[in-house]
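Here is a friendly set of notes to read alongside the structure. Please keep the viewer open and find each residue as we come to it.

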Amino acid sequence: MTTVVADVTTEQQRGHECVRVPGGDGLVALAAVDVGPRILFLGEPGGENLLAELPDRTIDGPAGPYRLLGGHRLWTAPEVPSRTYLPDGERCRVEAAGDRVTITAPDDGSGLERGIGLRPVSDGLEVAHLVTNVGSAPAEVASWAITQFPMGGTAFLPLPGSGSSAYEASHALVLWPYSQLDDPRLSFGPDHVVVTATDSASALKVGSAPGSGRLGSLRDGLLSTKEAPVPDGSLPDRGAASQVYVESEFLELETLGLLERLSPGESTGHTETWRVAEVDGPDEALAQVLA
């Protein structure tokens with residue numbers, strides 16, 4: 001049974017019961033409580049949803065279909081289908097403390113409990129991710145925050161240098177086996193990669209190691225950014241803390257936390273800050289992401 005605290009407003013978003021969390025600068029988020037934890041809406045009250053809506057997309061999982069739904073979700077890395085693709089259709093616990101609302105899902109069978117905490121900041125929304133080992137054995141995982149946007153936009157992935165010596169490698173562009181450098185959706189600048197979310201039957205994914213901490217998606221004159229501190233330590237995916245994925249129906253901006261060995265009862269996680277701003281074209285959008 002869902003526990004919903006008295007001072008949290010609930011409403012429906014595409015057939016799902018959600019809690020309403022106001023952010024700064026006129027933003028509002030709707031986070032599901034009947035599945036998840038998921039954030040299914042981001043935008044101005046009564047306005048267009050800036051996040052993708054994918055009610056019918058599924059992934060074949062070990063215990064039945066995993067529903068993508070769109071929006072924002074918390075997975076754990078490394079990506080292991082027997083753990084990652086477990087359905088998250090159980091109802092969540094909702095708690096409020098001060099200006100923070102936390103939505104926590106029960107163990108989905110993986111031995112892990114996942115929660116998302118939201119609170120307003122002056123110009124957007126803070127989104128905290130927490131993974132707790134509630135099983136009986138140690139688990140090596142990283143928190144993995146995935147935000148899906150509709151097709152037709154453009155993603156910006158900074159490639160920052162982090163070395164202090166000209167004789168040592170400072171950073172890397174990370175590719176997945178299905179990614180090709182001559183993909184027409186890719187373009188490169190001196191310190192960034194641009195990914196265009198156009199229709200294609202093939203998937204494409206690129207990552208930045210160690211990552212810049214900031215990613216951006218531009219669509220219809222609105223730049224959505226998410227920013228997370230770059231972890232100092234071991235990471236999955238060859239150290240790519242910032243990642244962009246695109247395929248036929250959506251674009252994803254992804255960030256990773258530290259890869260940690262959790263004993264029963266221990267937790268790991270990381271926090272993003274979300275902002276939305278009107279910009280005058282891709283040059284201004286890129287400048288803001290790189291700032």
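1. Let us begin with the cysteines. Cysteine 18 is buried, at 0% relative accessibility, and cysteine 92 is also counted as buried, at 1%. How many disulfides does the structure hold? It holds zero. A disulfide would need the two sulfur atoms within 2.5 Å.

2. A word on confidence. This is a predicted model, and the mean pLDDT of the protein chain is 93, with 96% of the residues at 70 or more. Where pLDDT is low, the predicted coordinates should not be read in detail.

3. Now turn to helix H2, residues 282-290. Its buried residues are Ala285, Leu286 and Val289. Looking down the axis of H2, you will find these buried residues within an arc of 95°, so they line one face of the helix. An α-helix has 3.6 residues a turn, so residues three or four places apart point the same way. What do the buried residues of H2 pack against? Their partners are four strands: E13 (154-158), E16 (192-196), E18 (214-219) and E19 (222-227).

4. On one side, E4 pairs with strand E3 (residues 28-32) in the antiparallel sense, over five bridges. Look for leucine 30, which stands opposite phenylalanine 41 in E4. E4 also runs antiparallel to E7, to which two bridges join it. Here isoleucine 39 stands opposite histidine 72 in E7.

5. Next, follow the chain through the hairpin of E3 and E4. Five residues lie between the strands, and glycine 36 takes a positive phi near 125°. The peptide bond from glycine 36 to proline 37 is cis, with omega near 15°. Proline 37 sits in the loop between E3 and E4. Another cis peptide bond joins alanine 209 and proline 210, with omega about 10°. Proline 210 is placed in the loop between strand E17 (204-209) and E18.

6. Strands E5 (residues 53-61) and E6 pair antiparallel over six bridges. Together they form a hairpin with two residues between them. Glycine 70 in E6 is the bridge partner of glutamate 53. Glycine 70 is buried, with a relative accessible area of 2%. Beyond four places in sequence, glycine 70 touches Arg38, Leu40, Ala52, Leu54 and Gln148. Glycine 70 and isoleucine 39 are 31 residues apart in sequence, and their C-alpha atoms are 8.6 Å apart in space.

7. Two buried polar residues are worth a look. Serine 143 lies in strand E12 (residues 139-149) and has a relative accessible area of 0%, so it is buried. Which side chain makes a polar contact with that of serine 143? The partner is histidine 270, at 2.7 Å. Away from its neighbours in sequence (those within four places), serine 143 is in contact with residues including Leu74, Trp75, Val131 and Thr255.

8. Arginine 73 is found in strand E7 (residues 72-77). Is arginine 73 buried or exposed? At 4% relative accessibility, arginine 73 counts as buried, because the cut-off for buried is under 20%. Its side chain makes a polar contact of 3.5 Å with the side chain of glutamate 252. Leaving aside residues within four places in sequence, the contacts of arginine 73 include Pro37, Arg38, Tyr66 and Trp144.

9. Finally, check two backbone angles in loops. Aspartate 25 has a positive phi of about 60° although it is not a glycine. Aspartate 25 belongs to the loop between strand E2 (16-22) and E3, and it is exposed, with a relative accessible area of 55%. Arginine 238 is not a glycine either, yet it has a positive phi of about 55°. Arginine 238 lies in the loop between E19 and strand E20 (242-246), and is exposed, at 77% relative accessible area.

Technical notes
Residues are numbered from 1 along each chain as its sequence is written. This is a predicted model: local features need pLDDT of at least 70, side-chain atom pairs count only at pLDDT 80 or more; totals for chains, interfaces and linings use all residues. Side-chain values use heavy atoms; hydrogens and water are left out. Buried means under 20% relative accessible area, exposed over 50%, partly exposed in between (1.4 Å probe, protein chains only). The arc is that of the directions from the helix axis to the C-beta atoms. Contact means heavy atoms within 4.5 Å. pLDDT is the predictor's confidence in each residue, from 0 to 100. A polar contact is a pair of N or O atoms within 3.5 Å; within protein, one must be able to donate a hydrogen and the other to accept it, and residues adjacent in sequence count only if both atoms are side-chain atoms. Two strands pair if DSSP finds at least two bridges between them.
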